[in-house]
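Please walk me through this structure, with the cut-offs behind each term stated as the terms come up.

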Amino acid sequence: MIRKTRLFTPGPTPLLPAAQFAMAAADIHHRTPEFRALYTKVLAQLKDFVGTKNDVIILSSSGSGAMEAAVSNLTSPGDRVLVLSAGKFGERWSALAKAFGCEVDLITEPYGKTFDFDKVKAALKIETRAVFVQANETSTGARHDMVKLGQLLKDAHSEALLIVDGITGLGTTELDMDATGIDVLIGGSQKAVMIPPGLSYLAVSQRAWDRMESTYNPRYYFDLRKERKNAKNGESAYTPAVALIAALGAALDWIAQQAATPENPAGNLVEGRRKLVDNAEMIAEMTREAMKALGFKLFSDAPGAAATAVLAPEGVDSGVIVKGLKSTFAAIITNGQGEMKGQIFRIAHLGFFDYMDTIALIGAIEQVVVKSIPTLGAKFGDGLIAAQNVYANWKPKA
Ligand SMILES: *Cc1c(COP(=O)(O)O)cnc(C)c1O
């Protein structure tokens with residue numbers, strides 16, 4: 001039987017064809033008017049994508065490079081910072097802050113949970129210089145409420161910068177940086193923007209730019225002020241990932257076109273972004289309902305729309321489902337990370353997934369579990385019917 005490889009992973013995600021064509025055609029030098037026009041356009045598009053009037057910086061690195069840049073540019077050794085951690089990526093913030101000499105106050109919640117904001121309020125000190133958090137914790141599927149957190153910091157008149165890893169929050173949650181009061185919002189290329197790994201971006205508030213005037217942790221390649229200065233002239237400080245930037249421009253054009261009208265065929269990026277989020281929300285809901293109907297339990301009680309983490313039944317290794325999907329259908333989902341390996345499996349919804357992909361995956365999961373996990377008691381159609389009902393009753397929010 002023919003099998004088509006399909007990614008259902010929360011990064012890298014499936015590539016947008018228009019972005020692949022743009023990459024293939026990006027045979028341009030980076031110190032030319034052509035590149036400057038492209039770079040200037042993409043930086044402006046990113047502002048709409050993240051909802052800010054402030055400057056956005058693109059870095060040639062995976063998402064963790066932008067996380068490191070946020071720490072190295074915005075803290076000094078000995079700074080007190082608050083890290084909110086409930087998964088593998090939260091742990092990365094803590095490790096990074098320690099690596100740069102920060103005094104870390106840590107709020108942890110068990111994997112799969114979100115935060116109790118009363119605890120956050122109690123942990124916030126006058127001296128807290130920054131709060132680090134994920135908008136969406138990809139390792140557990142949990143979504144954390146950035147609107148509440150932003151409001152909490154505003155109400156506390158805190159000097160702390162709110163630094164958000166939005167790498168899978170962007171494109172799956174309505175995250176308007178300026179309205180939410182986020183000081184640094186980080187994204188990555190291989191997630192909702194549907195292009196290959198290799199680029200990260202950070203939107204930086206005026207407060208955060210001001211903070212950089214006095215912080216003194218070491219930085220060189222990831223010096224945000226240097227990048228900002230060059231970006232004003234349409235350039236980056238070093239050789240940029242030209243092809244990925246061309247791909248990003250094409251992907252953001254495509255997102256804008258999702259909100260095209262006959263009067264405005266180019267569409268609108270803010271509206272298009274809302275449609276992308278609504279799409280992820282819908283297929284996440286289809287997936288959650290399907291998994292429950294098949295007899296599974298969800299891992300997180302605050303599930304987001306980037307990826308759904310599903311618990312393997314008692315006594316069953318989640319690898320059975322991951323491997324079964326791969327060997328039978330060449331469909332790639334992910335196992336749990338670290339100590340969650342074997343306990344959960346994760347299905348992505350962010351970026352270029354639609355109704356058809358989702359229905360097909362649910363059908364394939366039915367094939368795998370009916371054959372390999374008879375103790376679950378699932379029957380063909382249980383998951384599909386639940387998903388069909390979600391689709392039929394979905395009220396688009398955008
Ligand atoms: C993917 C991801 C990252 C970045 O990981 P890289 O491998 O460095 O791109 C960071 N945070 C979250 C929440 C992610 O999903």
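**Salt bridges, domains and buried threonines**

Glu174, Asp176, Glu271, Arg273 and Arg274 are joined in a network of salt bridges, a salt bridge being a side-chain nitrogen of Lys or Arg within 4 Å of a carboxyl oxygen of Asp or Glu. The model is predicted, so that local features need pLDDT of at least 70 and side-chain atom pairs count only at pLDDT 80 or more, while totals for chains, interfaces and linings use all residues. Residues are numbered from 1 along each chain as its sequence is written, and side-chain values use heavy atoms, with hydrogens and water left out.

The domain assignment divides the protein chain into domain 1 (6-12 + 268-393) and domain 2 (17-255), with bounds that come from an automatic or database domain assignment. Taken over C-alpha atoms, the centres of domain 1 and domain 2 are 27 Å apart. To the contact between them domain 1 brings 31 residues and domain 2 brings 34 residues, where contact means heavy atoms within 4.5 Å. Between them the two domains bury about 2,800 Å², 62% of it on carbon and sulfur atoms; buried area here is the accessible area (1.4 Å probe) that two parts lose on being put together, summed over both.

The polar side of this interface can be described by two counts. There are 6 salt bridges between domain 1 and domain 2, and 13 residue pairs across the interface are in polar contact, both residues being at pLDDT 80 or more. A polar contact is a pair of N or O atoms within 3.5 Å; within protein, one must be able to donate a hydrogen and the other to accept it, and residues adjacent in sequence count only if both atoms are side-chain atoms. On the side of domain 1 that touches domain 2, helix 11 (269-293), strand 12 (307-311) and strand 15 (344-348) each supply at least two residues, and helix 11 gives the most, with 9 residues. Helices (H or I, at least four residues) and strands (E, at least two) are DSSP runs, numbered from the N terminus. The residues on this side of domain 1 divide into 18 nonpolar, 7 polar and 6 charged, with Ala, Val, Leu, Ile, Met, Phe, Trp, Tyr, Cys and Pro counted as nonpolar, Asp, Glu, Lys and Arg as charged, and the others, Gly among them, as polar.

Over the whole structure, the search finds 23 salt bridges. One of the pairs is aspartate 301 with lysine 113, whose side chains meet at 2.8 Å, N to O. Lysine 88 forms a salt bridge with glutamate 339, the closest N and O atoms being 3.0 Å apart. Because lysine 88 lies in helix 4 (residues 88-99) and glutamate 339 in the loop between strand 14 (334-335) and strand 15, this pair ties together parts that are 251 residues apart in sequence. Lysine 88 counts as partly exposed, at 21% relative accessibility; the scheme takes buried as under 20% relative accessible area, exposed as over 50%, and partly exposed as in between (1.4 Å probe, protein chains only).

Arginine 80 and aspartate 105 also form a salt bridge, with their closest N and O atoms 2.8 Å apart. Arginine 80 lies in strand 3 (residues 80-85) and aspartate 105 in strand 4 (residues 103-108), so the pair ties together parts that are 25 residues apart in sequence. Of these two, arginine 80 counts as partly exposed at 28% relative accessibility, whereas aspartate 105 counts as buried at 12%. In a further salt bridge the side chains of aspartate 55 and lysine 47 meet at 3.8 Å, N to O; aspartate 55 is buried, with a relative accessible area of 18%, and lysine 47 is partly exposed at 23%.

Which residues does threonine 172 contact, leaving aside its neighbours within four places in sequence? They are Arg143, Val277, Ala280, Glu281, Ala305, Ala306 and Leu350. Threonine 172 is found in the loop between strand 8 (161-165) and helix 7 (177-180), and it is buried, with a relative accessible area of 0%. A polar atom of its side chain lies 3.0 Å from the backbone oxygen of glycine 169.

Threonine 358, in helix 13 (residues 355-372), is likewise buried, with a relative accessible area of 7%. With neighbours within four places in sequence left aside, threonine 358 is in contact with Ile283, Met286 and Thr287. Threonine 358 and phenylalanine 8 are 350 residues apart in sequence and, C-alpha to C-alpha, 9.3 Å apart in space.
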